[in-house]
Amino acid sequence: MVATYFAFLDGAFRYDCASCGQACCRGKGIAISAQQELVPLLGRVPRIAPLLQPLPGGYVRLPDVSDGCWFLGSDGMCGYEQTHGRAAKFTTCRLFPFNRVFRIGSTQVVDVNSVVCPIEDASGHGVHHAELAAELAAIGNSPLTESQVPLPSGAKELRWLALETALRDDSANFLDEPHFATFATQQVQATTRHLGLRGESLSTVAQLQTYLETLYGSTDSPHTATVSRRLTLLSPSLRFNALFRRGSDDYRRLVRKMPTQLLATFVLCVQAAVVWQKPLSLRAITELHQAQTELRSLLARLTEPAMLESPVDAAELPPSLAMTLRQLSERLQRRDASTVPLGEHLVTAAGSLPVAERALLPALLLRAGEALRFVPPHP
Ligand code: SF4
């Protein structure tokens, strides 16, 4: 029997097509199953054939334009469903926004599309796992729900599903915490126990928070609790997408970085909320998390020592930033850099900058690329 893992809490999210304007039905196109959905579609709408693009892997793409899908009615309703019934509706449309369905080993994973769909926090009264399970059972086998995602090395042996399920269920207890650091700490503790590690420092989260707040500013704001709640709701999905992206790192290494990566996203989202003067939506948090993949990966490791093999290019920068970046480069190339957390170097260097420029320093350090090497801890 196939186990199903939902990458969100039961009833966590709802969606409202009327207020969104059916963004998912405009300009995105639809992937339909060549085996199950193509012939019925051609039977119902023969003149659609010139628009179809058969793709490898058992899919056919039906492109549309940003004015709307060919079946989107002027009332915002799906004309295909209205005319032919819900059972005839294409799999991807039927499940949307919970249509990110994959197979990982023997487990079916159902994820939510929090980028295309402006999902909302439903406080447990949204779409339930049981409803989606029934919908999936009615759809049956389809390439659209069977897309294989490779396991990162070590994930199966280290029982990834047990840890992700426990953390997802645990997230319900942290939704009303005013600061995401509490849930990040819980994730560190649970991961440490799960992996049977000893000596994993619980002060890592507190230390990282200090570095991040020194560089980016305080996370004390009227929007902090809302951002924390929304990021906690999204955490199972964001973790799943980071752990199981193609070409991902060794599972043991990667899973240990998840809590601090999410803490980095939290700090960036709070700063964005301060600039924007309102909390970020679930979609905005997902987009920022994805857009800042490189930066959050660096920030998540500020508590580790790192060394630089060659100076970072400081050309064309304003004088204050250029000078600070050169000084930081020199520090990180010294032998003693290998014993000091990267965050210490960044915070010290940032101290010489005007406050408004400090937060640029980590992003500028990304210019180092592979010349920045993290020093493995002593065995
Ligand atoms: S078939 Fe219906 S639900 Fe799917 S994109 Fe078109 S209008 Fe939207």
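Q: In this predicted model, at what angle do helix α10 and helix α11 pack?
A: Helix α10 spans residues 251–276 and helix α11 spans residues 282–291. Their axes lie 10 Å apart. The packing angle is about 120 degrees.

Q: How many residues of the contact of α10 with α11 are charged?
A: From α10 come Leu262, Thr265, Leu268, Cys269 and Ala272. They meet Ile285, Leu288 and His289 in α11. By class, 6 are nonpolar and 2 are polar.

Q: Which strands are the edges of the open sheet of 4 strands?
A: The sheet has mixed pairing and the order β1-β7-β6-β9. An edge strand here pairs on one side only. That applies to β1 (3–6) and β9 (147–148).

Q: Which residue in β9 is the bridge partner of Phe102?
A: Strand β6 covers residues 100–104. β6 and β9 pair in the parallel sense over 2 bridges. The partner of Phe102 is Ser147.

Q: Which strands does helix α6 lie across?
A: Helix α6 covers residues 160–171. Its direction runs at about 45 degrees to β1. The strands it lies across are β1, β6 and β7.

Q: How many charged residues are in the shell around the ligand?
A: The ligand's surroundings include Cys25, Ile30, Phe71 and Lys89. The shell has 8 nonpolar and no polar residues. The charged count is 1.

Conventions. Residues are numbered from 1 along each chain as its sequence is written. This is a predicted model: local features need pLDDT of at least 70, side-chain atom pairs count only at pLDDT 80 or more; totals for chains, interfaces and linings use all residues. Side-chain values use heavy atoms; hydrogens and water are left out. Axes are lines fitted to C-alpha atoms, for helices over the stretch in contact, and angles run from 0 to 180 degrees between N-to-C directions. Contact means heavy atoms within 4.5 Å. Ala, Val, Leu, Ile, Met, Phe, Trp, Tyr, Cys and Pro count as nonpolar, Asp, Glu, Lys and Arg as charged, and the others, Gly among them, as polar. A residue is near a molecule or strand if one of its heavy atoms lies within 4 Å of it. Two strands pair if DSSP finds at least two bridges between them.
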